[in-house]
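Here's a quick briefing for anyone opening this structure for the first time. Have a look at the model, then read on.

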Amino acid sequence: MRLAAGLFLLAAWLAAAPQDGVDLDGLIDRARSVPAEFAADALIRLAQSDRVAKAKKPELLEEAFRRATGAQQPLKKRAIPAVRTGAAAFLNRAFAQDLDANSLQCRAVRGMLELNPRKAREMFTDIPRPAPAKLTCDDALVPDVSIYYETLAEVAKSGFSAAEIEDDEPFKLLASYVAALSSPTQVGPIARLLASSPLKRPQLDALAMSFGGSLKNLSGDDRSFSQAISRQGGAGQGIASLAARCTEMEISSLPLLEAYRAFLVRHFTANRCTDGGERGGIAFGVVAKDDTVEQDPARFFNESLRVDPIKPLGADEVQPAKLEGAAGQQNSCDSQDCRRLVGLYRELIFDSRGLPYGPDKKATSEWQAKAKEYLGALAAWKEETGASTADLFQQKCALYSEFANVVPNGPDRVAVLRAFLAFLSQNSVQRENRAEWFLPVNSLVARVSLQRASLDELWRDMRGSADPLIALYCELEELAPRSPGTRLSIF
């Protein structure tokens with residue numbers, strides 16, 4: 001009996017003891033002490049870990065849900081294709097971390113669905129409904145509300161008991177959200193929501209009719225409209241999915257397609273931004289590598305959506321009444337210091353004949369001296385007249401990151417990563433633009449963690465960093481490592 005009792009106590013002690021050097025309770029306490037979006041993100045990640053007792057997970061998710069309201073950014077955004085380089089590409093990646101209040105709360109709801117569906121449903125209804133403001137042609141970023149409607153679809157599928165489903169509770173929940181269509185940015189997400197929800201035939205018929213009625217009369221700004229129809233998987237694809245679902249359930253898709261046609265014509269023929277991403281339905285421009293453009297939305301309607309007796313869109317129905325305004329390009333490297341650094345960097349990449357340097361050349365004292373000079377110049381680069389703190393931060397992060405890719409493995413690369421870490425630690429951008437500051441930190445933590453075998457000393461330094469966020473996320477990476485698909489590069 002004594003032996004059995006002793007083994008039981010030993011097993012209980014081992015279960016409660018820190019593993020792999022991670023103090024779980026201490027880590028949770030540290031997560032609670034950081035700014036709102038990081039606290040919420042860390043608590044959600046901890047709740048997803050197998051190392052956390054199942055009984056404790058709902059508490060962490062509820063706390064994350066509450067703390068998310070203090071995030072600096074209320075909604076996720078995407079940059080328009082026409083300016084998706086430089087600062088805009090950086091901001092795309094920063095927002096892709098899902099550190100805005102809406103995304104964080106949706107992530108907490110999704111985690112709760114697996115543990116307590118009723119509580120998850122209650123939490124979701126407490127999320128402020130997205131109400132994207134009307135934009136102007138000066139705006140380069142457009143709200144992205146996809147995660148909200150994707151989460152609503154999951155709640156409708158998994159958040160109700162059999163008795164509640166029999167009483168049409170999922171239908172009632174969806175009806176209140178479908179009727180609230182107010183922006184072109186919601187068209188694709190709501191269409192996909194209806195296409196994927198487990199609705200009975202009369203229910204889908206009623207909701208598709210309600211959605212079509214709102215869509216037919218919807219009038220939004222061109223910036224939001226262009227983003228909605230131009231993204232791959234955007235409004236056109238959403239309408240196609242919903243129309244196919246209607247046909248499958250023997251519901252006429254004609255009212256929906258007629259409503260979408262009226263929506264397209266109203267916006268195509270309104271005043272348009274000169275950089276809207278398409279003209280007359282024909283797409284143009286270069287986009288970031290994490291997004292693509294749905295080519296020719298008007299042709300997509302005519303060839304992939306339209307059915308008789310609906311008329312094809314004619315040339316006069318896709319011509320803007322007037323072209324006005326464009327978002328300015330951001331964060332161009334036009335200062336003297338920035339151009340000088342880019343010149344020094346190119347000298348480390350190409351020789352005098354324009355050929356790239358190979359490993360042998362990079363091993364020479366001449367190349368290493370140039371690399372040292374460049375690293376010193378980069379570290380010394382300070383804020384300039386006419387350049388914002390955010391511009392300088394983004395440009396230096398890009399240069400540090402690219403330089404780390406060029407320097408050979410070994411002490412030289414470690415020196416670059418250490419300089420990058422020193423630049424990020426306690427940087428003023430951390431207070432002013434938290435998600436933007438965290439993007440390169442996030443990337444650096446993932447990079448060094450993946451190469452821990454060769455960068456073990458640097459990893460230990462990061463884990464013991466005086467910057468509480470850097471130290472926290474290193475410990476999180478050990479306890480609840482991210483999947484490769486969630487690790488983001490800077491550009």
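Asp-168 is partly exposed, with a relative accessible area of 27%. Keep in mind that this is a predicted model.

- Most residues other than glycine have a negative phi, and most peptide bonds are trans.
- Asp-168 isn't a glycine, yet its phi is positive, at about 65°.
- You'll find Asp-168 in the loop between α9 (162–166) and α10 (169–178).
- Asp-98 is another non-glycine residue with a positive phi, this time near 60°.
- Asp-98 sits in the loop between α5 (87–95) and α6 (101–113).
- With 17% relative accessibility, Asp-98 counts as buried, because the cut-off for buried is under 20%.
- There's also a cis peptide bond, which joins Asp-308 and Pro-309 with omega at about 10°.
- Pro-309 belongs to the loop between α16 (297–305) and β6 (322–323).

**Cysteines**

- A disulfide is a covalent bond between the sulfur atoms of two cysteines.
- The structure has one disulfide, and Cys-137 and Cys-273 form it, with their sulfur atoms 2.1 Å apart.
- The link of Cys-137 and Cys-273 is left-handed, with -90° about the S-S bond.
- Cys-137 is in the loop between α7 (117–126) and β2 (141–143), while Cys-273 is in the loop between β3 (271–272) and β4 (278–279), so the bond ties together parts that are 136 residues apart in sequence.
- Both partners are tucked away: Cys-137 counts as buried at 12% relative accessibility, and Cys-273 is buried with a relative accessible area of 2%.
- Cys-397 is buried too, with a relative accessible area of 0%.
- Cys-474 is likewise buried, and its relative accessible area is 0%.

**A pair of packed helices**

- Two packed helices are described by the angle between their axes and the distance between the axes.
- Helix α23 (residues 434–450) packs with helix α25 (residues 468–479) at an angle of about 40°, and their axes are 10 Å apart.
- That angle makes α23 oblique to α25.
- The crossing of α23 and α25 is right-handed.
- On the α23 side, the contact is made by Trp-437, Phe-438, Val-441, Val-445 and Ser-449; on the α25 side, by Leu-469, Ile-470, Tyr-473, Cys-474 and Glu-477.
- By type, the residues of the contact of α23 with α25 are eight nonpolar, one polar and one charged.

Notes:
Residues are numbered from 1 along each chain as its sequence is written. This is a predicted model: local features need pLDDT of at least 70, side-chain atom pairs count only at pLDDT 80 or more; totals for chains, interfaces and linings use all residues. Side-chain values use heavy atoms; hydrogens and water are left out. Axes are lines fitted to C-alpha atoms, for helices over the stretch in contact, and angles run from 0 to 180 degrees between N-to-C directions. Helices (H or I, at least four residues) and strands (E, at least two) are DSSP runs, numbered from the N terminus. Angles under 35 degrees count as roughly parallel, over 145 as roughly antiparallel, 65 to 115 as roughly perpendicular and the rest as oblique. A crossing is left-handed if the near helix is turned anticlockwise from the far one by less than a right angle, and right-handed if clockwise. Contact means heavy atoms within 4.5 Å. Ala, Val, Leu, Ile, Met, Phe, Trp, Tyr, Cys and Pro count as nonpolar, Asp, Glu, Lys and Arg as charged, and the others, Gly among them, as polar. A disulfide is a pair of cysteine sulfur atoms within 2.5 Å. Buried means under 20% relative accessible area, exposed over 50%, partly exposed in between (1.4 Å probe, protein chains only).
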